[in-house]
Structure formats: structure tokens, C-alpha cells
Amino acid sequence: MVGGLSAFAWLFWNLHTSLDPEKAMTNDGTNLDPWYDLYAERTAGLSASEVRALFAVASRPEVVSLAGGMPFVSALPTELLEGAFAKLMRDERATALQYGSGQGVPALREQILEIMALEGIRASVDDVVVTTGSQHALELVTKLFINPGDVVLAEGPSYVTAMVVFNSFQARVSHVAMDEHGLIPQALRETIAHLRAEGRTIKFLYTIPNFSNPAGVTLTWERRLEILEICRANDILVLEDNPYGLLYFDSPPPQAMRSVDEDGVVYLGTFSKTLAPGFRVGWALAPNAIREKLILANEAAVLSPSSFSQLMISEYLNTADWKGQINTFRGLYHERRDAMLSALAEYLPQLSWTVPTGGFYVWVTLPDHLDSKAMLPRAVRELVAYTPGTAFYADGSGRNNIRLSFSYPTPEFIREGIRRLSIVINGELDLLTTFSQTSPLATIPHKLGIITPPSNIG
Ligand SMILES: Cc1ncc(COP(=O)(O)O)c(C=O)c1O
């Protein structure tokens with residue numbers, strides 16, 4: 001998979017070349033690729049993300065991977081999917097194996113309305129565009145709006161592969177500060193004012209309001225309203241990305257931003273986390289004018305999203321207890337989150353972390369002197385993997401953060417992974433204490449991540 005390089009060397013190489021904002025903007029330097037001088041300028045933004053590099057190494061069975069955000073698809077009852085497949089082949093084979101509409105299968109779009117209604121969204125079936133995962137919707141919206149140099153606002157930290165897309169269209173990502181209640185409206189106002197004073201063009205705000213990737217925090221209802229107001233006043237489109245909203249642990253998050261703003265929000269949803277990412281089916285819900293352009297862009301890119309996948313999902317939604325299945329996932333991820341938080345409290349009490357109330361991720365803050373990217377090869381040597389915080393910023397921040405994902409490993413593996421991580425982190429802290437005058441723990445900053453674990457975590 002990684003040619004002559006060992007997986008370890010591949011990881012190490014990528015960690016030193018990926019998502020460096022300076023390197024990402026230029027194509028210069030020497031390269032053995034004979035086509036190097038012919039690539040379009042925008043390919044300079046297509047650097048391998050840390051997450052991608054990690055998959056090569058972390059997929060080795062002996063490594064406990066707390067890195068990737070993979071849903072635990074083994075919890076899906078296979079007989080339901082087999083039943084859907086058999087029925088599809090019997091009754092709808094010709095349609096399932098054929099090209100379809102560029103907007104998506106109408107029956108599935110109806111069912112998507114039902115899903116979005118769970119988060120307060122009322123819409124028409126005409127406004128839904130089915131895409132090849134929400135990742136593709138992200139790319140299509142970016143393609144529609146971004147000229148080189150335009151600004152995309154995004155939480156700091158934000159979803160790594162969204163930033164890869166923004167980079168590949170030569171956008172400048174400007175991060176807006178967040179805390180444990182999500183993106184901070186006043187910081188948004190200030191960032192907009194600052195960028196406008198510099199003469200920059202801001203196209204949209206990309207936000208993950210529920211159980212965000214990577215921070216695991218949720219935007220409050222009051223802030224949702226305030227942020228919509230700010231964006232409306234400044235003619236900035238809101239791109240609301242919501243893969244995790246239905247995966248809450250105790251109570252649902254506030255309703256979607258799109259539920260109160262039809263005209264200013266493009267909403268993205270997906271079946272990847274509530275069903276399975278292998279189908280590659282997501283969707284965009286967009287205001288009328290944008291929706292027309294989205295369909296054209298979708299057709300230009302893929303002709304039509306997979307008829308087969310859409311009909312499989314539609315059949316599953318028709319016949320299975322899909323709400324019950326989402327409940328099963330909630331219980332499973334809740335248990336894994338608890339396992340992660342209690343292992344952190346036991347093995348790494350000197351650190352701080354967010355406490356997600358849904359989704360897949362915990363965002364951990366290390367003492368300021370630790371460098372999570374430099375530490376990663378040592379962690380992999382201890383057979384544990386995480387994603388370094390720098391992957392989630394376009395500007396090199398996040399050096400002393402890591403993202404831990406609890407969605408895939410079992411509670412036992414999560415515990416073992418955190419134990420191994422504590423060996424690495426405590427080793428680094430020992431070194432720092434030995435060679436510096438001040439305690440490294442005195443430098444844990446009081447910002448996102450300073451949350452005491454709740455006492456009810458067993
Ligand atoms: C915030 C966010 N947006 C989009 C995606 C892409 O999801 P999909 O599988 O629907 O393309 C992910 C996947 O992890 C994600 O975390």
C-alpha cells in the first residue's frame with residue numbers, strides 16, 4: 001500500500017509534510033514525479049492529512065487505534081441488510097443497477113425529510129440533493145462558492161478533511177475560537193471585522209454544531225441563534241455539517257440551525273455514522289437557488305449518486321427498526337465514552353479533556369511543552385495511535401492537543417490504549433521535569449479542554 005517505505009517511515013514522512021500551511025500553498029521543491037511541473041496550482045493544497053497517514057500504521061492489529069472516526073458497523077444486524085439486498089435484487093434490480101437522477105432517488109429523499117424532522121427541520125423533498133457521502137457535498141459546496149484566496153471561517157479546531165477540501169480550492173481557512181459551549185459569537189464578530197478590514201472576501205462559515213469533530217463539544221441554542229444573526233448581517237452563508245446529531249447519549253442536542261433559517265444555511269447530513277459509511281450516501285439541504293447549482297455540480301462530478309446504495313438504504317429504512325438501531329449505537333458509544341473518560345481519569349489525571357455528550361471524540365489538552373505530532377511515532381511504538389491536534393488547524397495550532405476517538409475499539413481496548421498512552425505521556429513529562437526548572441504541568445492553558453470529568457463516569 002505504501003510502496004517501498006515501511007508503514008512507520010511513511011507515517012513519519014507524512015507527519016513532517018502534511019498540512020503545513022506554508023508548504024500547502026506552493027508546489028516548489030524537487031520531486032521524483034515526472035509530471036510535477038504540470039499539476040494545477042490547486043493540487044498544492046492536496047497534501048496528505050495526518051489522519052490518512054495514520055491509517056497505514058494504525059490499522060495493524062497490534063496497535064490500539066484511538067485515531068480514526070470509524071463507526072462500529074459490526075453492531076448492525078446483518079440479516080436486515082441481507083434482507084434489503086435480496087428484496088432489492090428481486091424487485092428493483094433494473095433500477096438499482098442503472099444510472100439514476102442527479103438529485104437522488106425521490107423515495108430516499110422523502111425518508112431523509114423524516115430523519116431531518118427529528119432535529120426540527122421542515123423542508124421539501126425538492127430541496128434535498130443526495131451526494132456520495134457528506135464529504136462530497138462539502139466539496140460541491142466549496143466548488144460552487146470558492147475562488148482562490150476567498151476565506152472560509154471554521155471553528156478552531158475543525159474537521160481535518162473539510163480543510164483538505166477547502167485547501168484544494170485554494171481557500172484561506174480562518175479559525176474562530178470555541179470553548180466548551182461551541183463557537184464563540186464574539187470571536188466570530190471580531191474575526192469577520194478583522195478580515196473585512198484586510199479586504200478579504202468571506203464566503204461561508206463551516207460549522208459542526210453537534211458533538212464536533214474533533215472537539216466533541218456542542219453549540220448552545222442561544223449561540224446558534226446569535227451566530228445565524230451575525231452571518232445574516234454579514235452576508236455569510238452557513239454550512240452546517242451534522243453527521244453526529246442523532247448519536248447523543250442522554251438528551252438530544254439543540255435543534256439544527258437550519259430549522260430556523262431556510263435561506264442562509266446549507267445543511268449536510270449523512271448515513272455514514274447512523275448506518276454505515278460503506279454505502280457512501282449523504283445529502284445536502286440547500287436553499288432553492290443553491291440547490292439547482294448543486295444538482296448540476298453533482299451531475300458533472302458523478303452523473304448520479306449510487307442508485308444501488310440509495311435503494312439499499314431506502315429499503316433498510318422501510319423495513320428495519322432504524323430508530324431502534326440508532327438507539328443501540330447510542331448505548332454502545334455512550335459506554336465507550338465512559339470507558340475512555342474513566343481511563344483518562346485513572347491513568348492521566350494531570351491532563352484535561354472535553355466531555356462529549358454524543359458523537360465519537362474527546363479532545364485532550366496536554367501540557368504546553370508537549371508536542372503531540374512529534375510524540376506520535378513514540379506512541380505508535382507503544383502500540384497506540386491518536387490524531388495530533390495540528391491536523392485540525394490550518395495554521396499550525398493544536399501542537400499540545402490530541403483527538404481521541406472512542407467509536408471503534410471495545411471498552412477493554414480503549415482502556416488498554418489509554419494505559420499505553422499514559423506510558424508515552426508520562427515518559428515525556430518525566431523528561432521535561434528532569435531537564436527543565438519549572439513543572440510542565442504548570443503550563444496547561446485554561447481554554448477548551450479544561451473540563452473536570454463528571455462524577456457519574458464509572
Ligand atoms: C464532521 C464530518 N463531516 C463529514 C464527514 C464525512 O462523512 P461521509 O462519510 O458522509 O462522507 C465526517 C466523517 O468523519 C465528519 O466527521
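This is a predicted model: local features need pLDDT of at least 70, side-chain atom pairs count only at pLDDT 80 or more; totals for chains, interfaces and linings use all residues.
Biologist: Is Leu 303 buried or exposed?

Modeller: Leu 303 has 11 C-beta neighbours inside 10 Å, so it counts as exposed. Leu 303 sits in the loop between helix 11 (288–302) and helix 12 (307–319).

Biologist: Which loop holds Arg 280, and what is its phi?

Modeller: Arg 280 lies in the loop between strand 8 (265–270) and strand 9 (282–285). Its phi is positive too, about 55°, although Arg 280 is not a glycine. Count the neighbours again. Arg 280 has 18 other C-beta atoms within 10 Å, so it is partly exposed.

Biologist: Next, peptide bonds. Which residues does a cis peptide bond join?

Modeller: Most peptide bonds are trans. Pro 157 is in the loop between strand 3 (151–156) and helix 8 (160–168). Another cis bond joins Asn 213 and Pro 214, with omega about 20°. Look for Pro 214 in the loop between strand 6 (202–207) and helix 10 (221–233).

Biologist: Now helix pairs. At what angle do the axes of helix 6 and helix 12 cross?

Modeller: An angle from 65 to 115 degrees would be roughly perpendicular, and one under 35 roughly parallel. The axes of helix 6 (residues 106–117) and helix 12 cross at roughly 50° and come within 9 Å. The two helices are therefore oblique to each other. Their crossing is left-handed.

Biologist: Which residues of helix 6 and helix 12 meet?

Modeller: From helix 6, take Ala 107, Leu 108 and Gln 111. They meet Gln 310, Ile 313, Ser 314 and Leu 317 of helix 12. By class, this contact has four nonpolar residues, three polar and no charged.

Biologist: Last, the ligand. Which residues come nearest?

Modeller: There are 13 residues around the ligand. Gly 133, Ser 134, Gln 135, Thr 270 and Ser 272 come nearest. Helix 7 (residues 133–145) gives the largest share of the shell, three residues.

Biologist: How many residues of each class are in that shell?

Modeller: Eight are polar, four are nonpolar and one is charged.

Key:
Residues are numbered from 1 along each chain as its sequence is written. A residue is near a molecule or strand if its C-beta atom, placed from the backbone, lies within 6 Å of it. Helices (H or I, at least four residues) and strands (E, at least two) are DSSP runs, numbered from the N terminus. Ala, Val, Leu, Ile, Met, Phe, Trp, Tyr, Cys and Pro count as nonpolar, Asp, Glu, Lys and Arg as charged, and the others, Gly among them, as polar. A residue is buried if 20 or more other C-beta atoms lie within 10 Å of its own, exposed if 12 or fewer, and partly exposed in between; C-beta atoms are placed from the backbone. Axes are lines fitted to C-alpha atoms, for helices over the stretch in contact, and angles run from 0 to 180 degrees between N-to-C directions. Angles under 35 degrees count as roughly parallel, over 145 as roughly antiparallel, 65 to 115 as roughly perpendicular and the rest as oblique. A crossing is left-handed if the near helix is turned anticlockwise from the far one by less than a right angle, and right-handed if clockwise. Two residues are in contact if their C-beta atoms, placed from the backbone, lie within 7 Å.
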